[in-house]
Amino acid sequence: MNEQYILGIETSCDETAAAIIKNGNQIVANVVASQIESHKRFGGVVPEIASRHHVEQMTLVLEETFKKANMSIDDIDAIAVTEGPGLVGALLVGVNAAKALAFANDKPLIGVHHIAGHIYANRLLKEFRFPLLALVVSGGHTELILMREHGSFEIIGETRDDAAGEAYDKVARTLDLPYPGGPQIDKLASEGKPTIDFPRAWLEDGSYDFSFSGLKSAVINKLHNAEQRSQVIPKEDVAASFQASVVEVLTTKTYQAAKEYNVEQIIVAGGVAANQGLRSALEEKFKDENVELIVPPLSLCTDNAAMIAAAGSIAYEQGHRAGWDLNANPSLSLERYSLRKE
Amino acid sequence: MNILALDTSNQTMGVAVISNGKVIGEYMTTVKNNHSVRLMPAIDQVMKDTQLKPNDLDRIVVAKGPGSYTGVRIGLSTAKTMAWTLNIPIVAVSSLEVVAYQWPSFNQLICPFFDARRGLVYTGLYQTDEHGRLQLLKPETNTLFEDWLMDLAKEKKATVFLSQDLEVHRSLIEQHMGDLAIFPDSPYHLPRPALLGLAGATREPDNVHTLTPNYLRLVEAEAKWLEEQEKRKNA
Ligand SMILES: [Zn+2]
């Protein structure tokens, strides 16, 4: 087999990233310029500022990627870029940079769905075996996705209101934890005890959908009421109780879906996959099962371009090509992306 | 010497190719439409029509704003990445300057402007000197147009107003400038990409990595943050 090299570009939120991967599953270079320090000032990502940083970082990140890989653009077979979903102004910087690179060097251009990227981050660790179930949890997503073959994504469950990561951020803000709140809650939770019985939203029987807005409100109300009665609830216990509710719902639904669809592998993807509480609960739940659980290392959970290149590699092999009119699509649906015909 | 010029900073989208000082291709639309979708197809078409390959390019000139934040970034992301990967110089020219180039007259002041909503505009004041060179008389700024016009009226000089957003502000201009205001016909208000290319043809190149848009305005969240820092320092 000839060696295949894909350049990936990712700018959907607050990381400017580029990467080169070999044969769809080996990282040659993976560069991420994080803007987190800049957005910390505002307690969250300011979209216009994110877009401005992307313009400042893009060519520097590309240059460093090629330097680290000790390669030139001539060695690249195709250029893959996140086309959505994400912040539209941020996505546009990556999409237009990718088009410029592809046009100037006469290379194929491939649009990649950001969540397909998060899922394919796991192929950098282990070859996929189908059917597989992916649990995607991040600031913008909570989804259970069934894959029966490469490049095909069926959403069997998704959040009906807030994403899990959103609930983490809001609860963190209520607890006065610094931004980004997710890792802070995870850390606090490990020091506390789940003494408060927060609700678990199971929804109707057999549903793999999620709902976190009720839980979020319950936490806020609990803290508010305690404050009015001048009670002190240890933050550690609030974090542990909140996290226990989120983790129990996520692991239970994942477990049920894995049984129903008789999957070979479970993949965890997205920023919240970095959560220690979730990781250990999943490991515990599946330890006696005949299913392989794949949890990426922290560096591949958060946004990066190696995952975009990995998803792009499969799309490239399957013959998908984007035209010069490729646009950023902030609400690109995974299923439509999955069914695209070029 | 082949130059590719591109401008997506405002409503007009333009691509031009200049070869040895001659314009050999120019494409321009003034419809409000998605520049991100149409820019690369336009570049592809103009390059094909002029039978140039990307490797034949020697320089890229891009309009750096002011204008639509998103529009400016589409142009700059494209231009910077192309210049970087082709390893050729990049020159960024003010979007207001490109409009000012439309009116090469020695006798009048030239005031290009873009509407920036809520009575604000991006503007600057230009004049063509006796050698035909465009000079900047008043620095470009983001200002209340009324304040700017009150100052300008004191000059008591015939002034040409160039803007695709002219109709939004025409009566305000007439109110302050009276007969001194000159309003040319529609084509003069549009930034021609060929003029952009010529404006940047011999200029000292920018650093491809550090080149950033000419936003002329802080992001609101950042402005507020800086204000708070200032308050805290004084308290
Ligand atoms: Zn992500």
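Guide: An axis is a line fitted to C-alpha atoms, for helices over the stretch in contact, and angles run from 0 to 180 degrees between N-to-C directions. The model discussed here is predicted. In it, the axes of helix α6 (residues 181–191) and helix α8 (residues 235–260), both of chain A, come within 7 Å and cross at roughly 105°.

Visitor: What makes α6(A) roughly perpendicular to α8(A)?

Guide: Angles of 65 to 115 degrees count as roughly perpendicular. The crossing angle is roughly 105°, and that makes α6(A) roughly perpendicular to α8(A).

Visitor: Which residues in α6(A) and α8(A) meet?

Guide: From α6(A) come I185(A), D186(A), L188(A), A189(A) and E191(A), which meet K235(A), E236(A), A239(A), A240(A), F242(A) and Q243(A) in α8(A). The residues of this contact of α6(A) with α8(A) comprise six nonpolar, one polar and four charged.

Visitor: Which residues of α6(A) are buried, and what do they pack against?

Guide: Buried means under 20% relative accessible area. In α6(A), the buried residues are G181(A), G182(A), I185(A), D186(A), L188(A) and A189(A). They pack against α5 (164–174), α8 and α9 (276–286) of chain A.

Visitor: How do you know that α2(A) is roughly parallel to α2(B)?

Guide: Helix α2 (residues 47–69) of chain A and helix α2 (residues 69–86) of chain B have axes that come within 11 Å and cross at roughly 10°. Angles under 35 degrees count as roughly parallel, and the crossing angle therefore makes α2(A) roughly parallel to α2(B). Among the residues of α2(A) in this contact are E48(A), R52(A) and F66(A), and α2(B) contributes residues including Y69(B), R73(B) and W84(B). The contact of α2(A) with α2(B) divides into five nonpolar, four polar and six charged residues.

Visitor: Why is V46(A) called buried?

Guide: V46(A) has a relative accessible area of 14%, and the cut-off for buried is under 20%. V46(A) is therefore buried. Its place is in the loop between α1 (36–40) and α2 of chain A. Not counting residues up to four places away in sequence, V46(A) touches H39(A), V219(B) and A221(B).

Visitor: Why is strand β5 of chain A called largely enclosed?

Guide: Five of the five residues of β5(A) (residues 109–113) are buried, so the strand is largely enclosed by the rest of the structure. L109(A), G111(A) and H113(A) on one side and I110(A) and V112(A) on the other are all buried, leaving both faces covered. β4(A) and β5(A) run parallel and are joined by five bridges, with I79(A) opposite L109(A).

Visitor: How do you know that β1(A) and β2 of chain A pair?

Guide: Two strands pair if there are at least two bridges between them. β1(A) (residues 5–10) and β2(A) (residues 15–22) have six bridges, in the antiparallel sense. One opposite pair is E10(A) and A17(A). A hairpin of four residues joins β1(A) to β2(A). β1(A) also runs parallel to β4 (residues 78–84) of chain A, with four bridges. In β1(A), six of six residues are buried.

Visitor: What makes β8 and β10 of chain B stand at the edges?

Guide: Five strands of chain B form an open sheet with mixed pairing, in the order β8-β7-β6-β9-β10. β8 (134–144) and β10 (181–182) each have a single partner strand, so one side of each is left without a neighbour in the sheet. Within this sheet, β6(B) (residues 109–115) and β9(B) (residues 159–162) run parallel and are joined by four bridges; P112(B) has L162(B) as its bridge partner.

Key:
Residues are numbered from 1 along each chain as its sequence is written. Chains are lettered from A and ligands numbered from 1 in the order in which they are written. This is a predicted model: local features need pLDDT of at least 70, side-chain atom pairs count only at pLDDT 80 or more; totals for chains, interfaces and linings use all residues. Side-chain values use heavy atoms; hydrogens and water are left out. Helices (H or I, at least four residues) and strands (E, at least two) are DSSP runs, numbered from the N terminus. Angles under 35 degrees count as roughly parallel, over 145 as roughly antiparallel, 65 to 115 as roughly perpendicular and the rest as oblique. Contact means heavy atoms within 4.5 Å. Ala, Val, Leu, Ile, Met, Phe, Trp, Tyr, Cys and Pro count as nonpolar, Asp, Glu, Lys and Arg as charged, and the others, Gly among them, as polar. Buried means under 20% relative accessible area, exposed over 50%, partly exposed in between (1.4 Å probe, protein chains only).
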